[in-house]
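Hi there,

Please have a look when you get a moment.

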Amino acid sequence: MAKDEEDLTALRQRKTCLISENKQTLHTPLPEAQSNRLENEDDKQASNGTSCWTERSITPPGAQPPNTILVLLVLGLSFATRFYKLAEPPHICWDETHFGKMGSYYINRTFFFDVHPPLGKILIGLAGYMTGYDGTFPFVKPGDKYGHHNYWGMRGFCAALGSSLPVFAYFIVLELSHSNSAALIAAALLIFDTGSITISQYILLDPILMFFIMGAVLSMVKFNQQKSRPFGASWWLWLLLTGVNLSGAIGVKFVGLFVILLVGLNTAGDLWALLGDLQLSLVDVAKHLLARVTGLILLPLLLYVTVFAVHFAVLNKSGPGDGFFSSAFQSRLIGNNLHNASMPKYLAYGSTITVKNLRIAGGYLHSHWHLYPEGVGAKQQQVTAYLHKDYNNLWLVHKPDDGQDHPKTPELVRHGDIVRLEHKETTRNLHSHLQEAPMTRKHSQVTGYGINGSGDSNDLWRLEVCGGRRGDPVKVLRSKVRFLHVATGCVLYSSGKTLPKWGWEQVEVTCSPYLKETPNSQWNIEDHINPKLPNISLSVLKPHFLEILLESHIVMIRGNSGLKPKDSEINSRPWHWPINYQGLRFSGVNETEYRVYLLGNPVTWWLNLACLGLYAVMVAVASIALQRDVHLGQKRREHCWVLMRGGGQLVLGWLLHYAPFYTMGRILYYHHYFPAMLFSSMLTGLTLDTLLHSADLFLSPPRADWLLRLGQMALLFSVLYSFYIFHPLSYGMRGPLAHEPGSAMAGLKWMDSWEF
């Protein structure tokens, strides 16, 4: 009887809701008596604690505010688990060798190259500087002891950001589900996840990236809750904070694009709904559009560009990253041989030059006395690309028919001219023929041929300025040029492949039959010596900010695409990640070493995986029930919309941060899944809480409440106990390995692919 009365009440309420919606949307005045009756019914429902909450509403009537005690508990446990044994081990672990070193470069203002945008490394360097680190530790290889160097500040900064992730998860799930228990489940899954702890305790970009991703999602859902107060202070605050966090995410790693896409899709749906609101004028819709363009596009773009401006301003000294960038870029770095140098502006016959390839680490055109070995093309002098500055990189520029160019006024080399390049040290000409290149199939061999400038017609090359016209001069540093072999029509090319020991492990240079303009076939003139021409300061040729910003992104994108798995390197696959198939060694291998192994809490990760399937089933059932207008109670109807709307955003976030990795050709690692894992854990909290609160569908209220509490306790116990038995993965292990007797991890190697 009680259930029938509840259904009857819900049906009456639904009818009243529909009448109220029609009254608002059709703008048709009702008869006074009917209008009074509806208002009285609405008042009656309000007095009974019920309301017309549909998918259009912002906050359901049963929404729970944040519980201060729970927030403090989540915060305390997050910091306790991340800062426990933070200084252990006192040596370099895994990628600390890269990102710790890059933090040192910022402190020392030394230029370097990395495939990621600079914000994360800037913050690591700043954290080290503010906590007393002097930037002198070399960060050579994993296992090197830190000694007296202060490294805890950089680790502590990453741990602090990692500690905020469960707190963010609590507030995000609370906003989406309006349930403190769902928020607490999501936070607990992250607090006691061994993988999340491990990845937060070291000098890495991942906790910084995830901080901005979660900050962007929290700001987005908070902004969505301000729909009833557009253009108010809170509305603007959360909109701008969303933009700030988006710029932070993309400023740390390019995978920040995924959260930008998530926010973009949410914003597009929001604007589409506003466009369909006939109570808003087109001017109002335009204001909403302009505000979002300002907060979510212009502001993040400005902050992102500012990060690079700081990056270039701080790193003003020559360093290990010089060779990845163009000669013009290098001329702005203090200590580089091109900085404040002077040389002739335009290339001329008779000049001594160095020629640099424009691909990443393409090297300088180089030759030496050594010949190609027997069986490798013609046994002529080797021509390679060498990554370092060297006397054997020097070449003389001649006309095709004259070995000595001594006019009083040197003639400039122009686009379309045919030239001959003579190696200064060995006096052999740059030469190609139809013999096959040493390593690249279908390419021709490039050699040094002749003596004292004498050779044959295979020594001639047509010089072309990329994007130039016939007669254009060749600018030192700035012009991109190509050398086309006159006899065969191929183009001078740096393949990027490393030659065997007979080639001194330098880079292969070939003549490519494929004439498409690529960085491999583009070169620029770097050093230029000609005493008959007036010198100019290279400061006038320095690129402006937008040029170096564009070049930096081109180099980073090429660097990312070049991260291919090596022959002996194990490449993690995306399908491995959700099932926790294999982790990563952070420190140590054998029983005498301090071992740390990055692996997610198996109970948490497998529960997340199961809940992805469970969520799909629950959403299907809820959708059918709503579509068929099944008589659901008000509370149950609210749960359905929370599941579909709130859970849908989390599923979309998980997909956007996971699915793209299936399309990537670069090398992949287990830790790439952690941003997606955040969304999966939040979805688990929302899904399980909805499921547990559905117990009253089958049981009477007392028994349903008991089952709810029992389920919550069982879930909490499972997460806590699994954390207890697997916590040595995060906090360090010594002694026998898991498969050996006496090991602290004995019996816990549940999958053969785990390597602890």
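**Cavities and a helix pair**

Helix α12 is the biggest contributor to the lining of the largest cavity, giving three residues. Bear in mind that this is a predicted model.

There are five cavities of 30 Å³ or more. The largest has a volume of about 120 Å³, and 15 residues line it. Nearest its centre lie F112, D114, H116, H311 and M556. Two elements, α12 (282-314) and α14 (545-561), each give two or more residues to this lining. Sorted by class, the lining of the largest cavity has ten nonpolar, three polar and two charged residues.

The second largest cavity comes to about 50 Å³. Among the residues lining this second cavity are S219, F223, N224, T242, N266 and D270. Here α9 (206-224), α10 (233-252) and α11 (257-275) are the elements that give two or more residues. The lining of the second largest cavity splits into five nonpolar, five polar and one charged.

Now for the helix pair. How do α6 and α17 pack? Helix α6 (residues 152-177) meets helix α17 (residues 674-692) at an angle of about 45°, and their axes are 10 Å apart. That angle makes α6 oblique to α17. The crossing of the two is right-handed. On the α6 side the contact is made by L165, A169, I172, V173, L176 and S177, and on the α17 side by L678, M682 and L686. Of these contact residues, eight are nonpolar, one is polar and none is charged.

Best wishes

Technical notes
Residues are numbered from 1 along each chain as its sequence is written. This is a predicted model: local features need pLDDT of at least 70, side-chain atom pairs count only at pLDDT 80 or more; totals for chains, interfaces and linings use all residues. Side-chain values use heavy atoms; hydrogens and water are left out. Axes are lines fitted to C-alpha atoms, for helices over the stretch in contact, and angles run from 0 to 180 degrees between N-to-C directions. Helices (H or I, at least four residues) and strands (E, at least two) are DSSP runs, numbered from the N terminus. Angles under 35 degrees count as roughly parallel, over 145 as roughly antiparallel, 65 to 115 as roughly perpendicular and the rest as oblique. A crossing is left-handed if the near helix is turned anticlockwise from the far one by less than a right angle, and right-handed if clockwise. Contact means heavy atoms within 4.5 Å. Ala, Val, Leu, Ile, Met, Phe, Trp, Tyr, Cys and Pro count as nonpolar, Asp, Glu, Lys and Arg as charged, and the others, Gly among them, as polar. On a 1 Å grid over the protein atoms alone, a cavity is a set of points where a 1.4 Å probe fits but cannot get out, and a pocket is an open set with protein on both sides within 12 Å along at least five of seven lines; lining residues have an atom within 4 Å of a point. Grid points are joined across faces, edges and corners, and a volume is the space filled by probe spheres set on the points.
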